[in-house]
Amino acid sequence: EERKIDLSLAKPYLRSVCYEVGGRTYTAIGFPNRTGGYELRDDRHFKGTIAPKDISVIGCVDGTKDIAHNIFEGFIDFLSFFTMKGKEIAPSLVLNSVSNIHRAVAYIREHRIAHVRAFLDNDEAGRQALLVFQSAGMNVEDMSRHYGGYKDLNEYHVSRQKAMEQKQKKPQSVVKRGFRR
């Protein structure tokens, strides 16, 4: 609710993960990566990982190399984009951390992906990650220009959703009809 993600669209990408730390059991949503690890989030702002840490690959299959692939810094941004766009979405990579940038570059090269659209955060780490893609000689389009002024794609999405909710809550002005005296 806080992130304004459409759960019906997001559910196929998420898992309920129970884990134990110090003898206490916790539950979080998990977003799987390509090597069996999970990015974890709970409703109390916990962010964590079940190793191994890696990128997540969505909808990338043989024959998609000529299709522009989306790259997201985190899975919340991916799910925000998915919520905004609906069911049809281009093949995507989720970094799950900018520290995985070189894994993404290797994946893109290995699969001969021709063009990528980078939905990275509007911060120094996001700008540096974009430079890594560019300096690797990749055809990369910086999509953060569409949500400039916001920290990331999810913050932009939440802002848009709240504005739409406010607009819907405003009472419609009543048009009076009849005769004037």
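In this predicted model, V116 stands opposite V140 in strand β9, and the strands and helices named here are DSSP runs numbered from the N terminus (H or I over at least four residues for helices, E over at least two for strands). The model is predicted, with local features requiring pLDDT of at least 70 and side-chain atom pairs counting only at pLDDT 80 or more, while totals for chains, interfaces and linings use all residues. Residues are numbered from 1 along each chain as its sequence is written, and side-chain values use heavy atoms, with hydrogens and water left out.

Strands of a sheet pair through backbone hydrogen bonds, in either a parallel or an antiparallel sense; here two strands count as paired if DSSP finds at least two bridges between them.

| Strand pair | Sense | Bridges |
|---|---|---|
| β6 (residues 69–72) and β8 (residues 116–119) | parallel | four |
| β8 and β9 (residues 140–142) | parallel | three |
| β3 (residues 38–41) and β4 | antiparallel | four |

Within β8, F119 is the bridge partner of F72. Strand β8 also belongs, together with helix α4 (residues 124–135) and β9, to a right-handed β-α-β unit, where right-handed means that, with the strands pointing away from the viewer, the path from the first strand over the helix to the second runs clockwise.

In β4, G48 is the bridge partner of L40.
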